[in-house]
Amino acid sequence: MALALHSSTPLINLKENRSYRNPDDSSTTVGFAKMKPTCQLRAKNSTQESQISRTERERSFSHTIHELQREKLHGMASPHSHSSTNVRVPVFVMLPLDTVSIGGSLNKSRAMFASLMALKSGGVEGVMVDAWWGLVEKDGPMKYNWEGYAELIKMVEKLGLKIQVVMSFHQCGGNVGDSCSIPLPPWVLEEISKNPDLVYTDKSGRRNPEYISLGCDSLPVLRGRTPIQVYSDFMMSFRERFKAYLGEVVVEIQVGMGPCGELRYPSYPESNGTWRFPGIGEFQCYDKYMRASLAAAAEAIGKDDWGRGGPHDAGQYNQFPDDTGFFRKDGTWNSEYGHFFLEWYSGNLINHGEKILAAAERVFEGTGAKLSGKVAGIHWHYKTRSHAAELTAGYYNTRHRDGYLPIARMLSKHRVVLNFTCMEMKDGEQPNEANCSPEGLVRQVKMATKTARIDLAGENALERYDGGAYSQVLETSRSDSGNGLSAFTYLRLNKRLFEPENWRNLVEFVRSMSEGGQRTRLPDSDRIGSDLFVGFVKQSNVRKTISEVALVL
């Protein structure tokens, strides 16, 4: 616990809180911690590493253990029956984005081991880690380096934890919560420099290097291989390297399908101030491959004029729906042309997801590991008729059309869990002018997954440590309306998580999720509700662990 609290080198650097304020009501302001985008995957100065003396750290660890031993300790909760209202929901914790270094080794392995030990003792089921394409296949096509991940997975196994591994085919950097920069593999960037149309492009010609455009999914544009083949080969390499762990330790493979690993277009990029909340974003269909696809679709129905580009009246990234001809209340989104374009745009995205997931299903079939796919929680402008921000991201969801059921049904074909974000958000926390409804959006997705008969898993969209956010997740975890959650992954492991009050909130949350979310607080007699790692090892081993951790923090 204190192993991170008293460290001078946090696992993730944090930025100052950012608040969204409703100008008409100051009481609706809520602050979210956002990670500072300064990590460049390089070693820290040795003087920074020694800002806190070893003596002070050991004193802090000893005091923490003394306090913990005075608490009433509880055992791990066993799963409940699989009734719809009382199902154990396992909780995972996301590891830092730079868990594996640019050189391919595990960052701060001793600190990681101690952190994992604390999570285990707090009742957490396991952890999630990004397997970055830009790190693993950095040295050339089909030259894979899994060594840092191998060390982590062995560590997870040793502690009796589970791990979810994300096949991260996107760039890290430039989006909410990105704390470091991990570009696509250098050899892929070289191909992009030769052919800039390999990446998504907006109507102004702005290229986005986060992810390869789905327009070239089936074209051999990456040194003789198609992007789908490249992703498949990457997953095959992972399967061969870790086949002994699949299904037992590696329990889930989350398949990246777009920016931030989500099935969507990069319609709201934060890098360089291009987009800011709650802008509507822009359509990303102007690379030559997407334009050719649109032209062919228009020609097929005898409407050649519709294939010359995206909507001309869809506005700019930071506008509101009513500022545009396309998204306003009676806009062209609801015209014959609008239906054509949005069907094509969203349909291509679903087809892209299907191609990748079909490949993943072939690779991991029979391994025992679940497959999951992530869908973004785009909750702003949800209360408007057009749902503009969802439309630009590729989700054809409007007041008159359910855009999430087709996605859920596609996932169902390949037995894939739908992982959804913004589970912690409440409508009342959002600024009025943004017309947000994260709660309404979550309810809709819960019903879509229930109808499609697939599991629903959840994540929090932004860093939250408060009881209100946990309570909201507990509410959405239940199946009172649509599907309940099959699992929840908490964002993210860092120094702040181990602060005393934050840690207590996490452990209480994990305990309640293990009981089906039936109570939101633990009784006072068990207010921390955690064995913590001191309950599992001898006192002499505890002292040894303290000394070892003190050497690396």
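Colleague: Is E191 buried or exposed?
Modeller: This is a predicted model, to be clear. E191 counts as buried, because its relative accessibility is 13% and the cut-off for buried is under 20%.
Colleague: What about E191 and R223?
Modeller: Their side chains also meet in a salt bridge, 3.1 Å from N to O. R223 lies in the loop between β7 (207–212) and α8 (227–241), so the pair ties together parts 32 residues apart in sequence. R223 counts as partly exposed, at 41% relative accessibility.
Colleague: Which residues make up the network there?
Modeller: E190, E191, K194 and R223 are linked by salt bridges. Across the whole structure, the search finds 26 salt bridges.
Colleague: Switching to rings. How many aromatic pairs turn up?
Modeller: 37 in the whole structure. One of them is F277 with W380, edge-to-face, 5.6 Å centre to centre and 70° between the planes. The two are 103 residues apart. F277 is in the loop between β8 and α9, and W380 is in the loop between β9 and α11. Both are buried.
Colleague: Where does the charged end of R241 sit?
Modeller: Over the ring of F242, 5.3 Å from the ring's centre.
Colleague: Next, Q164. What does its side chain contact?
Modeller: The side chain of T489, in a polar contact of 3.0 Å. Q164 is in strand β5 and counts as buried, because its relative accessibility is 1%. Leaving out residues up to four places away in sequence, Q164 touches F92, V127, M128, V129, E252 and T489.
Colleague: Last one: how many residues of α15 are buried?
Modeller: 12 of its 15, so the helix is mostly covered. Among them are W503, L506, F509 and M513. The cover includes β3, α4, α14 and β12.
Colleague: What span does α15 have?
Modeller: α15 reaches 21 Å from first C-alpha to last, close to the 21 Å expected. G516 follows α15, with a positive phi near 80°.

Terms used:
Residues are numbered from 1 along each chain as its sequence is written. Side-chain values use heavy atoms; hydrogens and water are left out. Rings of Phe, Tyr and Trp (its six-membered ring) pair if their centres lie within 6.5 Å; planes under 30 degrees apart count as stacked, over 60 as edge-to-face and the rest as tilted. Helices (H or I, at least four residues) and strands (E, at least two) are DSSP runs, numbered from the N terminus. Buried means under 20% relative accessible area, exposed over 50%, partly exposed in between (1.4 Å probe, protein chains only). A charge sits over a ring if NZ of Lys or CZ of Arg is within 6 Å of the ring centre and within 35 degrees of the ring normal. A polar contact is a pair of N or O atoms within 3.5 Å; within protein, one must be able to donate a hydrogen and the other to accept it, and residues adjacent in sequence count only if both atoms are side-chain atoms. Contact means heavy atoms within 4.5 Å. The expected span of a helix is 1.5 Å times one less than its number of residues. A salt bridge is a side-chain nitrogen of Lys or Arg within 4 Å of a carboxyl oxygen of Asp or Glu.
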